[in-house]
Amino acid sequence: MANMTMIQAIQDAMRVAMEADSRVLVLGEDIGKNGGVFRATEGLMAAFGENRVIDTPLAESGIIGTAVGLALNGMRPIAEIQFLGFIYETMDQVSAQAARMRFRSQGRFSVPMVIRSPFGGGVRTPELHSDSLEALFLHSPGIKVVMPSNPYDAKGLLLAALADDDPVLFLEPMKLYRAFRGEVPEGSYQVPLGKANVVQEGNDVTVIAWGPTVPVALEAAKSVSDQQGVSCEVIDLRTISPIDIDTIVNSVQKTGKAVIVHEAVRAGGVGAEITAQINERAFLSLEAPVARVTGYDTPYPVPTLEDYWLPDAKRTGEAILRTVHF
Amino acid sequence: MKTYTADFGVSMYQILAEDGSVRGDLPELSDDKLIEFYKWMLLTRLYDQRAFNLQRQGRIGTYAPFSGQEAAQIGSFAALKNTDWLATSYREMAGLIYHGLPMEHALLYSMGHPDGGKMPTNLNVLPVQIIIAGQVLHAVGAGLASKLRGESNIAVTYYGDGASSQGDVHEAMNFAAVYKAPVIFFCQNNHWAISVPVSKQMATPTIAQKAVAYGMEGIRVDGNDVLAVYSAMKYAADRARSGEGPTLIEAVTYRLGSHTTADDPTRYRNETELKEWQEKRDPLIRFRIFLENKGIWNEQQENEWREEAKQKIDAAVEKAESHPKAEPSSFFDHVYADLTGPLAEQKQDFVQRLNQGEGR
């Protein structure tokens, strides 16, 4: 076991995968000599050479489209999109090409690739760097979407994503890259995709979060527990597509109440999907409307205003209390 | 201030003139091979006409005709190996059929059968691409993978003049040149992107000259001259296989028909231009005159082959039409490698409705 930050765990996962499998290669902007703008790929070029750690031209669609071709022809590429806001440039290659190749070819071809990208607010980035865009890809059949919230999960989920035969979008919360350390096993292990994690058990309300809002949900849960003795069950969804609805439904059947916390804008978000599924599957268990604590339906604001925009423990705590006392 | 504009003086490579006379160095091809080229061009021309009629009869769906582009396709595919990677658009059916895609398989695609996208496993051919230029980058990645793994396969992508305007073509050419990937960019300039002529598509007089900006070799070839196309493609394929990197080939050709069966070219295209290409530059007529002048083809052979070709096409149509219908629930099966939980549930629900006669 080692004590690592999330960024170190991610780097460790790539190193472990590259050592184990010569088909794994990494490509993206500034990921080679520079080691990535967050240093996620630091040292990999020195260890594995320029053929496996490829500094690409500055062209996001080019990175993803080339990775699709690499994956089709037997490689296991990890493509980095420097910041998630830049993924708009690649929407065709991600959603129409990578995600649909298996379907279009009736299983003849698969695209086993991982797209890594930092996202999420609270770190004062310029515009289009912090946006949470996971809902766009929940709406794209054929691709899986993974969003870790701690170093252990980050490594295990990334190794599982690399072993997966489908394209996986692996979204890394920037704010958590170096926010805390955690125990991370050496070598290879996997945290399965599509399985949520019940981080904290509780009886009064289910709080569902993923990526950067997991610590927010935990902080809110602690505060409502301290203030009013409210017992929250906190679920870290880990994987946005496919959603582990069973874990959510089991919990809501126990607590009768649910609050969803995500950074992405509210309209058409993953929270809306989860709410709909709770209604479909656990309506008679509900004792209060499902609440959502989210970013507002505006473009991500400038750095001086982002703290007002982001869901925090205070807003989340209020939503939990409103729901519990409905 | 020093500014630059360049007249790249790109000339068109040609072996056979429009009247079938020889103007350049003939490639080393046996008489049998030459006859084979012609037979494939004629077969695919007849296939194209038949497919168009099948659409009009409501027996297949929307179809994108390629008549006029047979030389560009047969000539270029002839320089490739079965193991090479091919990323094409929807208008390369002549080339793909020559390459080994059974005609009935090509029809399945137009019939809207899911098996249309499942290319034969002995060929490294990606499902035909609908998104203009979406496939071009895949060839760069596939070619690069072959290079990294030390294989001699190359990757070829086919696209049109309209696709040249897409950002992905720029990104792909740039990537391929930087990595010296074994890739051929084969652009069939058929002069029209639905209703927009190439002169309104781009401000450059040629597409081949774009190679200069990326640091790769470019060739402008008469796309209706099957021998020139073959020679150009062979040159590019040899370069790619020997590690010299990508080549851009602009094959200057013409779409004689509509963009698709849903399109009416008389709304935008002038009759004189069409006649000029139909009467003076048809790739089949030109090559047939060459073969006849060479004394290896005559009217009797022509008639016999037309008859034989029609029978082959009939058989393919019959085969396609008797292909087993797709199981409706199969659309759940190839979304992910393994059916995910939510999808498994939807499939179960769907199958249950189907069994109760409530499907659709």
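## Close-up views of a predicted two-chain model

**View 1. Two parallel neighbours in chain B.** Over six bridges, strand 4 (residues 155-160) of chain B pairs with strand 5 (residues 183-189) of chain B in the parallel sense. This is a predicted model, as are the views that follow. For a handy landmark, look for B:Tyr158, which stands opposite B:Phe186 in strand 5 of chain B. Strands of a sheet pair through backbone hydrogen bonds, and they may do so parallel or antiparallel.

**View 2. The seven-stranded sheet of chain B and a helix across it.** Let us step back to the sheet that holds this pair. Seven strands of chain B form an open sheet in the order 1-8-9-5-4-2-3, with parallel pairing. Its edges are strand 1 (12-13) and strand 3 (124-125) of chain B, each of which pairs on one side only. Helix 6 (residues 167-179) of chain B lies across strand 4, strand 5 and strand 9 (247-252) of chain B. Against strand 5 of chain B, helix 6 of chain B runs at about 145°.

**View 3. The five-stranded sheet of chain A.** Here the open sheet has five strands in the order 9-11-10-13-14, and the pairing is mixed. Strand 9 (197-200) and strand 14 (291-295) of chain A are the edge strands, each pairing on one side only. Direction ignored, neighbouring strands of this sheet are turned by 25° against each other on average. Strand 13 (residues 258-265) of chain A and strand 14 of chain A share four bridges in the parallel sense. Within strand 13 of chain A, which residue stands opposite A:Gly295 in strand 14 of chain A? That residue is A:Val265.

**View 4. Two backbone spots to check in chain A.** Most residues other than glycine have a negative phi, and most peptide bonds are trans. A:Arg39 is not a glycine, yet its phi is positive, at about 70°. You will find A:Arg39 in the loop between strand 2 (24-28) and helix 2 (44-48) of chain A. The other spot is the cis peptide bond that joins A:Ser241 and A:Pro242, with omega about 0°. A:Pro242 belongs to the loop between strand 12 (239-241) and helix 9 (245-255) of chain A.

**View 5. Where chain A meets chain B.** The contact draws 44 residues from chain A and 42 residues from chain B. Between them the two chains bury about 3,400 Å², with 60% of it on carbon and sulfur atoms. On the chain A side, A:Asn73, A:Gln106 and A:Arg108 lose the most area to chain B, together 22% of what that side buries.

View 6. How many salt bridges are counted between chain A and chain B? There is one salt bridge, and the side chains that meet in it are those of A:Arg281 and B:Glu345 (2.7 Å, N to O). The two chains also have 22 residue pairs in polar contact, both residues at pLDDT 80 or more. Elements giving two or more residues to the side of chain A that touches chain B are strand 3 (53-55), helix 3 (60-72), helix 4 (91-98) and helix 5 (101-104) of chain A. Helix 3 of chain A gives the most, with 10 residues. By type, the residues of this side divide into 17 nonpolar, 17 polar and 10 charged.

Note on methods. Residues numbered from 1 in each chain as written. Chains lettered and ligands numbered in written order. Heavy atoms only, no water. Contact = heavy atoms within 4.5 Å. Buried area = accessible area lost by both parts, 1.4 Å probe. Salt bridge = Lys/Arg side-chain N within 4 Å of Asp/Glu carboxyl O. Polar contact = N/O pair within 3.5 Å; in protein donor to acceptor, adjacent residues only side chain to side chain. Nonpolar A, V, L, I, M, F, W, Y, C, P; charged D, E, K, R; others polar. Pairing = 2+ DSSP bridges. Axes fitted to C-alpha atoms, helices over the stretch in contact; angles between N-to-C directions.
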